[in-house]
Amino acid sequence: MQKIESHACFGGRQEVWSHTATTLGCPMRFGVYLPPQAEREDCPVLYWLSGLTCTEQNFITKAGAQQYAAEHGLILVAADTSPRGEGVPDAEGYDLGQGAGFYLNATRPKWAANFRMYDYVVDELPALVDAHFPTTSARAISGHSMGGHGALMIALKNPGRYRSVSAFSPIAAPSHSPWGEKAFTAYLGEDREAWKAWDATALVGGAREKLPLLIDQGGEDEFLLPQLKPELLRVACEVAKHPLELRIRPGYDHSYYFIASYIGEHIAHHARALHG
Ligand SMILES: N[C@@H](CCC(=O)N[C@@H](CSC=O)C(=O)NCC(=O)O)C(=O)O
């Protein structure tokens, strides 16, 4: 573990760390915000998963989350969106390969050795965080777009592991989204049955825990109709009687300006579950 950045922030510290990820076979960076409470006590952790093209930097520099984490005594961990670097496979376009890991474990030969973001986010990163920072065992997960879907999918696949889950503008049904279809075909192959294990809308019917899903979605989001399709998740939740609060926010787009406008509400939601 190597500390890359450290900044005083709302009475705590915003740091960036680098480490060698064994699940991904490459060096990785992550952001960690330590609230002032972490100087004297263990704190619960909220994991954040970003969207296409992002690194660990987008959330820590644009969302304005630190002030709310300081208020509620939460550690924030911002993961990168894929393995990276020379020797890691990549592809043309911003929506596949580096910067576009989709938080799954790839099975196709080109990608399978490195693109294991599911194992990284669920197991390797939390083990590292718990070993190096003053954490309690209470965890929550959230994210945006590709990462919003990643948070929902990971929570649905891991009953009991997260106290709460939320998402901004998730790619709610990736098997029915051009972004998701491109990525799932490349990482998992043509067999759509294999996709169901990585698609939150397909998973919700079989979820063993009714962890409530909180979603905020901008009403003027340019990707809402062609890519995000939260209505498909809403129907799946209704059929499965799975609790979902889907809030459409008129006037907001897909950007971090939207996230910054509502991140305080999401952090308060997670704090209630994590401190309860
Ligand atoms: N560059 C592309 C769109 C890329 C984009 O909008 N990325 C979003 C996430 S989209 C879904 O996962 C993002 O978070 N970008 C980073 C940011 O800081 O805004 C295009 O131009 O169409």
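Predicted model: local features only at pLDDT ≥ 70, side-chain atom pairs only at ≥ 80, totals over all residues.
1. Ligand shell. The ligand is surrounded by 13 residues, and the closest are Gly51, Leu52, Asn58, Ser145 and Met146. Sorted by class, this shell holds five nonpolar, seven polar and one charged residues.

2. Annotated site. An unreviewed UniProt entry gives the feature "active site" at Ser145, Asp221 and His254. These positions are spread over 110 residues of sequence, yet they cluster in space, with a largest C-alpha distance of 10.9 Å. Ser145 is also listed among the residues closest to the ligand.

3. Ser145. This residue sits in the loop that runs between β6 (135-143) and α5 (146-157). Ser145 counts as buried because it has 25 C-beta neighbours inside 10 Å, where 20 or more are needed. Apart from residues up to four places away in sequence, Ser145 touches Gly51, Leu52, Ser169, Pro170, Ile171 and His254.

4. Asp221. The loop between β8 (213-218) and α9 (224-228) carries Asp221. Asp221 has 21 other C-beta atoms within 10 Å and is therefore buried. With neighbours within four places in sequence left aside, its contacts are Ser169, Leu228, Asp253 and His254. Ser169 and His254 are contacts of Ser145 and of Asp221. His254 itself belongs to the annotated site.

5. Helix α10. Which residues of α10 (residues 230-240) are buried? They are Pro230, Leu233, Ala236 and Cys237. These four lie on the same side of α10, because they cover an arc of only 120° around the axis. Glu238 and Val239, on the other side of α10, are exposed.

6. Just after α10, Lys241 has a positive phi of about 55°.

7. Nonpolar core. The largest nonpolar core is made up of 85 residues. Ile75, Leu76, Val77, Val121 and Tyr187 have the most contacts inside this core. For Val77, leaving out neighbours within four places in sequence, the residues in contact are Phe30, Val32, Val45, Tyr47, Trp48 and Val129.

Terms used:
Residues numbered from 1 in each chain as written. Near = placed C-beta within 6 Å. Nonpolar A, V, L, I, M, F, W, Y, C, P; charged D, E, K, R; others polar. UniProt positions renumbered as here; feature names shortened; annotations may be inferred. Helix = DSSP H or I, 4+ residues; strand = E, 2+ residues; numbered from the N terminus. Buried ≥ 20, exposed ≤ 12 C-beta atoms within 10 Å, placed from the backbone. Contact = placed C-beta atoms within 7 Å. Arc of directions from axis to C-beta. Core = buried A, V, L, I, M, F, W, Y, C linked by C-beta atoms within 7 Å.
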